[in-house]
Protein chains: 2
Amino acid sequence: MENLNRYAPVLEKSPLFSGVSRQDLFSILGCLDPVLKKYPKNNYILLLGESISHIGIVLKGTVQLFKESQEGNKNILLTLHPGELFLEAQVCAGLEQSGVTIYAKTDAAVLWIDFHHIMKNCSSLCGFHTKVIENMVGTIARKNLELNQKLEILSQNTIREKLLTYLSKEQEKQKTNPFTIPYNRNELAEYLSVNRSALSRELSALQKEGLLTYHKDQFQLYFLP
Amino acid sequence: MENLNRYAPVLEKSPLFSGVSRQDLFSILGCLDPVLKKYPKNNYILLLGESISHIGIVLKGTVQLFKESQEGNKNILLTLHPGELFLEAQVCAGLEQSGVTIYAKTDAAVLWIDFHHIMKNCSSLCGFHTKVIENMVGTIARKNLELNQKLEILSQNTIREKLLTYLSKEQEKQKTNPFTIPYNRNELAEYLSVNRSALSRELSALQKEGLLTYHKDQFQLYFLP
DNA sequence: AAAATAACGTTGCATTTGCAACAAAAAGGA
DNA sequence: TCCTTTTTGTTGCAAATGCAACGTTATTTT
């Protein structure tokens, strides 16, 4: 548990513990029986098909979720940063095996918490537990809305429309106009499920037409979303 | 509350109350302070932008969720039947205004339950509450996985792959081999976000190649998923 | 039954996209 | 600094897709 002290700032700002004071945080953690694990850069955290019973909290580093097809193609589903949860939907839905692959893009640390420990009220800490459960529901619900947004992007039928939909949403989220996206070209192409060179082609066409400018992962839009 | 008696069978089989006996059901309902409302055929249940604080349970009729674009195009997101929940993700995520329009396709009845009443344990009924909360989390989490499945389908890059992915999943779900899909061609094309005639073209190609046979909404697969 | 409507399949053509190969630019290492 | 590796842009070509128009088959209505 002492090891966890250094991650207290991350845990405090984690959506799972939002609204919980640092003191209460450690009371709750003592009750949730969490497991801290560390993963070196470019190592797998969880493989497709492995059994799952715990939800994960990223404490350090960048963690990516992939969907692998039988042919071995990898498709980025999510990129996670410290404080964020993963596997919570699968575990809460009662899945027993992972349908995704999880990967440490940088050196990473993950806190694993058994789902049943979260849902079962222990007698002494009901108040805290209620808050944690509420936070977990909220987290899953927000992820739900995010998935809906990605569906909206992927259901556009041209690369141009996918790009404009994605960039608009990203710009609205960040509320600044030159803004930075969290993907390089390859990753963006994977995220949008399109060919990388076709994506580059479309980007320069959009720039030529004056709809936007970009450099690397910096974008500026010249149209109203 | 008496009015609710006639809807007990629907409520019992609703995912929100699964595993709850009829007796307990009414205890819980007394504590959740639900509001029953009826809507005539072809009337709006909720407009875009209206404030939301309650989750809905369809008690009777067919209810449709629409996404409206700025241009006014309406896009069916979901068609709901008795027992099913709606707005649960939006409300649990803390959204205060609706991003969708909801509509009574037939005469309908809806039970509205304040989200905060679900999450706040009342002193006397903790056991029931825990079950209801668990059900709600599970429902949102499963919807989450469904969205992930649709994302997997839409992230395939050819119509052929989208079709085969969709049909495989549908076949596995139904576990019978000549099986029936819930869409006609137009709806299937919309679901897969592809052109209808291109879809037909691909279907007959697949049939010609012996991978499957079909007639209307009946499909039979000749490959192992 | 006849007529009208809707659903589905087919096809030619224009556009979009994927693919591959290569060039240019940027980043990282020795 | 120089060299290597990675990232990004460019382009020709083939394949896939959207689009539109039309014919056929099912379904519904009168």
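Colleague: How many residues does the contact take from chain B and from chain A?
Modeller: In this predicted model, the contact takes 30 residues from chain B and 30 residues from chain A.

Colleague: And what area do they bury between them?
Modeller: Chain B and chain A bury about 2,700 Å² between them, and 70% of that area lies on carbon and sulfur atoms.

Colleague: Which elements of chain B give two or more residues to that side?
Modeller: On the side of chain B that touches chain A, those elements are helix H4 (88–92) and helix H6 (126–154) of chain B, and H6(B) gives the most, with 18 residues.

Colleague: How do the residues on that side divide by type?
Modeller: The side of chain B that touches chain A divides into 14 nonpolar, 9 polar and 7 charged residues.

Colleague: Switching topic, what rotation superposes chain B on chain A?
Modeller: A rotation of 179°, with 0.5 Å of shift along its axis, superposes chain B on chain A, and the RMSD is 1.7 Å. The two copies are therefore related as by a two-fold rotation axis.

Colleague: What percentage of the contact residues of chain B recur in chain A?
Modeller: Of the contact residues of chain B, 93% recur in chain A, and the same surface thus serves both copies.

Note on methods
Residues numbered from 1 in each chain as written. Chains lettered and ligands numbered in written order. Predicted model: local features only at pLDDT ≥ 70, side-chain atom pairs only at ≥ 80, totals over all residues. Heavy atoms only, no water. Least-squares fit on C-alpha atoms with pLDDT ≥ 70 in both. Contact = heavy atoms within 4.5 Å. Buried area = accessible area lost by both parts, 1.4 Å probe. Helix = DSSP H or I, 4+ residues; strand = E, 2+ residues; numbered from the N terminus. Nonpolar A, V, L, I, M, F, W, Y, C, P; charged D, E, K, R; others polar.
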